[in-house]
Amino acid sequence: MTDRIEVAATELRPLLEEFIMWARVNAPGSDPELVGPAALWHRLAFSQDLGTWKRADLRNLLLDRMPKVLEDPDAAADGMLPAVDAYLTFLSQTGRLAEGSDSLADLQAELDDVEDEFVDLMEDLLEDAEGDDDEEEAGDLGDFEPFADELAELDTIRLRPDSELAAAARAVPLVAKARDLALWVGSGRRVGEDTLLTDEEVEEALTAVGLPRPQADGPLAEAVPQLWNIWNLAVDLEFLEPGDANTVAVQDDTSEWPFDDDEDVLDAWMLGLHSVDYGDPELADDDLTMALAGLTRGVLVRLLLGGGSRDLEELGQELAEAAADLDELGSDAWEAAGDPLAPAIDWLTGYGMVAVEGKTLSLTPLGTEGVVHLVDDADIEVDARPAIESMSAHELLALSAELPEDEADAEFAAWMRLREPEKAAEELLEAAGEDESDALIRVQAASVVGTLGQAAIPAWQAALKQPSLRPYAATHLSQLEVEGAPEPTQDDTHWLILDMWTISAGLGRSEFVSSLQDIGPDMVNSLLEVIWKIPHAHVEELLDLISQVHPDKQVGKAARRALFKARSA
């Protein structure tokens, strides 16, 4: 069957590629990608001839075959039938609907007839998939998803400067212990299969990391879970690396911890961030241990939602209730653990993420940074931003581009209150010049610097030397009537247009087409005659896009000619 599918897919590929090009102009509202599965299974199950389509086959394809093979029933419910309609229209208009097929009108009538039944089938598949997800992913105490709405509603979280976070990370006790353990391991220590280390080696390792030797009736290796957690952390931090023939070795730069460079320090600390799971209680019974899985993450997310701190007793009660709700063994596990929060808090304290003061547990700045990263890893939205005083001009511009206008204005105002206007203009334009391909950052910067008036003149004069900023600098210096400043050229105007088209294209096809229609086909044609000459990072991409999406075929042809010239220049 696999060979048949590959052969059929190969036969179909040229036809589907031509259809995709056709659909861009003739059926822009359809999703050509949805046609692939339908055309493939039509070829496999109903007709050797790609152009022969029968009304009965179409019904069987959509109602019997498609529900068994579609990977995204949600997308299919919305777009499959319009896409198939467009494909059949393409076959008919290009003479590919073979003799012996039902007419296009009959095929389209069949699509209308099966629409309600097809959508119902897709919705049933979606409900089944959601049910499977619920069964397979019951979650644990560390699941952030139930808190997604609350996290999204949190006030803006301000993250501390990297220099401050790096200083805190350098002082993290667990990272130092992981380093010391890795250095003790050395350049090529052989490890066992049943237990990594002998009892004698375990004693040496405990001494190396400063842990006490426990009393043990059996093998010592089975009584030192904290040591193995530090061992695993050393692997996470890339201080230890497995080698050949059951050996493990220290990495070359491990002895240099704490590193001098702040970025290197934070990168290392982030590598070990997922070690928070090592703080979960470990009980003699595996089922009871699993009932408390995710407890440490559960502590972190509740601290974040609590504004950074919680009463320990209340936090414990809340987590005990959550454990009982999630697992029928939750209450038994909580009781068997004695003080389930103790190992979680010990690990988080050792990793620099929390601090205990009296009966209150609080996130440290490093802990806030870490839990925000964990939330982001879980694909959950949270409004976290750098502290205003530590935000670079580029960070400010990138952030503001994602914010509503009033919030962006507030960020700019707060940032500029910390520096003189001349310095603000200089930093913003320097940031805008870092990446010639980033039109949005450039426009953002020019817009803000344009509000600074005379104070921005030195920065604008310096920006004249950069091709991507010169059009903005010349325009603003001319508006400020600066003596000796160059007048904006036609090329400058064209560059500004290309920047705006780039931003419009980034907003989506409909937005881009709308922006082109706003200036009319005659103006677009005039621009296409000259704009291909501009050495803009996106000129070829934009010309290609115009040729594909502009509803006026004459404009599309002009764009293709301009694209050819740009590529040949």
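## Briefing: sheets, helices and aromatic contacts

Phe19 is buried, with a relative accessible area of 0%. Buried means under 20% relative accessible area, exposed means over 50%, and partly exposed lies in between (1.4 Å probe, protein chains only). This is a predicted model: local features need pLDDT of at least 70, side-chain atom pairs count only at pLDDT 80 or more, and totals for chains, interfaces and linings use all residues. Residues are numbered from 1 along each chain as its sequence is written, and side-chain values use heavy atoms, with hydrogens and water left out.

**Aromatic pairs**

- The structure holds 11 aromatic pairs. Rings of Phe, Tyr and Trp (its six-membered ring) pair if their centres lie within 6.5 Å; planes under 30 degrees apart count as stacked, over 60 as edge-to-face and the rest as tilted.
- Phe19 and Tyr87 form an edge-to-face pair, because their ring centres are 5.3 Å apart and their planes stand at 85 degrees.
- Phe19 lies in helix α1 (residues 2-26) and Tyr87 in helix α4 (residues 73-93), so this pair ties together parts that are 68 residues apart in sequence. Helices (H or I, at least four residues) and strands (E, at least two) are DSSP runs, numbered from the N terminus.
- Tyr87 counts as buried, at 1% relative accessibility.
- Trp228 and Trp231 also make an edge-to-face pair, with ring centres 6.0 Å apart and planes at 65 degrees.
- Trp228 and Trp231 are 3 residues apart in helix α10 (residues 225-236), so about one helical turn separates them.
- Trp228 is buried at 18% relative accessibility. Trp231 is buried at 6%.
- One aromatic cluster is formed by Phe19, Trp22, Trp53, Tyr87 and Phe90.

**Charges over rings**

- Arg189 lies over the face of Trp184, at 3.9 Å from the ring centre. A charge sits over a ring if NZ of Lys or CZ of Arg is within 6 Å of the ring centre and within 35 degrees of the ring normal.
- The charged end of Arg419 sits over the ring of Trp415, 3.8 Å from its centre.

**Sheet β5-β7-β6**

- An open sheet of 3 strands runs in the order β5-β7-β6, with antiparallel pairing. Two strands pair if DSSP finds at least two bridges between them.
- β5 and β6 are the edge strands, each with a single partner strand, so one side of each has no neighbour in the sheet.
- From one strand to the next, the twist averages 20 degrees. Axes are lines fitted to C-alpha atoms, for helices over the stretch in contact, and angles run from 0 to 180 degrees between N-to-C directions.
- Strand β5 (residues 309-311) joins β7 through 3 bridges. Asp311 stands opposite Thr360 in β7.
- Strand β6 (residues 354-357) pairs with β7 over 4 bridges. Ala355 stands opposite Ser362 in β7.
- The hairpin of β6 and β7 has 2 residues between the strands, and Gly358 takes a positive phi near 65 degrees there.
- In a regular strand the side chains alternate between the two faces of the sheet.
- Helix α13 (residues 295-305) lies across β5, β6 and β7, at about 85 degrees to β7.

**Sheet β2-β4-β3**

- This open sheet has 3 strands in the order β2-β4-β3, and the pairing is antiparallel.
- β2 (189-190) and β3 (240-242) are the edge strands, each pairing on one side only.
- β2 pairs with strand β4 (residues 247-250) over 2 bridges. The bridge partner of Arg189 in β4 is Val248.

**Helix α19**

- Helix α19 (residues 405-416) has 12 residues and reaches 16 Å from its first C-alpha to its last, close to the expected 16 Å. The expected span is 1.5 Å times one less than the number of residues.
- Ala408, Glu411, Phe412, Ala414, Trp415 and Met416 are buried in α19.
- These buried residues pack against β1 (157-159), β8 (384-386), α18 (393-400), α20 (421-432) and α21 (439-449). Contact means heavy atoms within 4.5 Å.

**Arg442**

- Arg442 is found in helix α21. Arg442 counts as buried, at 0% relative accessibility.
- Leaving out residues up to four places away in sequence, Arg442 touches Ala432, Asp435, Glu436, Ser437, Ser468, Leu469, Tyr472, Trp495, Asp499 and His536.
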